[in-house]
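Reader: I would like to go through some ring pairs and side-chain surroundings in this model, one question at a time.

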Amino acid sequence: MLRNINIEHWFTPNIQLTLLFDSANYIFIALIILMISRHYKISGSFFTIIAISLSTPFLFNGPQFDWTIFPDQSKYFIGSSSIRKDIFINGCFEFNFQAKMFCSTEIDYKTIIPNFIFGLSPLLNIETYRSIGILNRGFFLVMVIFFYHKKIITGNLLLIFLLMPSIILYSSLALREVIIINLMLFYIYFFFNGRYTLSIISIIILFFVKSQNIIILIISTLLVYIFGQEKIKIKSLFFFILFLLLLILLFLGFKDQILNSLNYYREGLFLEQYGEYSSALSLNIYKEKYQLNYDLNSILIVGRQFVEFIISPIRNIDSSFKIIVAMENILLPIVFYLGFKKNKKLILIWLSVLFFSYLMYATFIINDGQIHRYKLPIILFALFGYSLNLQKTKMIKKFLKLKKNK
């Protein structure tokens with residue numbers, strides 16, 4: 001929550017002013033993308049596709065559906081607007097970490113980085129939720145252009161990044177998902193290209209945006225570094241086993257604290273979905289049926305949630321968007337199957353990353369809407385990571401072949 005919130009933040013201007021404000025932002029961001037496209041020598045036809053793709057935020061947060069369908073947008077709209085006002089109008093740069101305040105804006109450690117990015121961005125104005133949606137879409141498309149130039153996001157993967165409906169939706173809203181996706185993709189790109197300083201910067205920023213995803217980055221890095229090589233080195237395998245043993249020892253030493261923390265977050269998310277406004281008995285239901293312990297029943301609970309996390313929202317299709325998401329869930333295994341024939345070892349590594357990530361989040365998440373929102377960065381990260389490693393493998397083989405011919 002934010003202190004001293006004006007009531008005006010809960011309303012948007014009339015449709016004429018809304019279109020004027022957002023059109024100005026669209027034109028300005030499109031011009032920036034045009035300059036970036038020329039720098040990377042992107043063709044005019046591809047830029048036209050990008051420019052059309054940039055307009056997708058106009059489909060949302062308006063007549064089609066209200067912003068309250070994704071209420072978390074208010075955190076970023078209000079926060080970024082307040083920060084921009086504090087800095088550019090009031091000239092305030094005061095941080096009070098003890099009171100968790102930046103000038104008149106209350107600091108939420110989960111949203112402060114995105115709010116500063118949005119607030120200090122080149123947007124001409126932040127008058128509507130779509131303003132941040134246009135910026136997010138711009139960030140996403142610039143990332144696509146960069147990796148298209150690097151020949152990582154190409155072919156079928158390019159079509160997925162540009163046309164997958166859920167990607168279009170979540171990259172067009174005033175949420176932090178695009179920042180999370182970009183940080184994860186740039187981390188793995190920088191790391192496997194030996195630019196470790198930039199990869200460390202990416203992971204530090206991600207820590208303040210979505211810290212739990214760092215676990216996914218570490219696991220994927222270890223798996224690819226050790227098992228993605230042509231020949232697995234004994235030394236690397238030894239350190240990997242040592243790392244696993246260290247994790248087991250840490251778990252045994254803090255198992256009670258880990259279980260308490262696990263149930264704390266599970267309970268919070270459960271009550272958020274099935275809380276007292278839905279049922280006065282929801283807390284009792286959680287403790288009877290969903291609370292975890294170190295027993296067989298808890299393993300079965302997590303196993304069931306893992307399966308539901310994978311197939312969601314197939315069991316609860318009540319909207320056209322959920323039908324689209326269900327179709328995407330069918331498409332994903334096909335994409336991985338097609339990739340399986342290219343490099344069996346790499347696809348197994350990235351499938352392991354995918355399923356580990358699903359298991360980690362399935363332990364906490366119950367709501368269908370939350371499930372797909374959390375799955376999306378993981379899916380794109382796994383597809384991108386596989387494409388990156390496949391490209392690297394081809395380059396290494398080509399280099400060795402040329403060296404052999406010499």
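The questions and answers below concern a predicted model.

Reader: How do the ring planes of Phe 95 and Phe 116 lie, stacked or edge-to-face?
Author: The structure holds 29 aromatic pairs, and Phe 95 with Phe 116 is one of them, with ring centres 5.8 Å apart. Planes under 30 degrees apart count as stacked. Since the planes of Phe 95 and Phe 116 are at 25°, the pair is stacked.

Reader: How many residues apart are Phe 95 and Phe 116, and which parts of the chain does the pair link?
Author: Phe 95 lies in strand S1 (residues 95-96), whereas Phe 116 belongs to helix H4 (residues 112-119). The pair therefore links distant parts of the chain, strand S1 and helix H4, and its two members are 21 residues apart.

Reader: Is Ala 30 buried or exposed?
Author: Ala 30 is placed in helix H1 (residues 15-39), and, leaving aside residues up to four places away in sequence, Ala 30 touches Phe 47 and Leu 54. Its relative accessibility is 13%, so Ala 30 counts as buried.

Reader: Over which ring does the charged end of Lys 210 sit?
Author: A charge sits over a ring only if, among other conditions, NZ of Lys is within 6 Å of the ring centre. The charged end of Lys 210 is 3.7 Å from the centre of the ring in question, which belongs to Tyr 374.

Technical notes: Residues numbered from 1 in each chain as written. Predicted model: local features only at pLDDT ≥ 70, side-chain atom pairs only at ≥ 80, totals over all residues. Heavy atoms only, no water. Phe/Tyr/Trp six-rings, centres within 6.5 Å; stacked < 30°, edge-to-face > 60°. Helix = DSSP H or I, 4+ residues; strand = E, 2+ residues; numbered from the N terminus. Lys NZ or Arg CZ within 6 Å of the ring centre and 35° of its normal. Buried < 20%, exposed > 50% of the residue type's maximum accessible area, 1.4 Å probe, protein only. Contact = heavy atoms within 4.5 Å.
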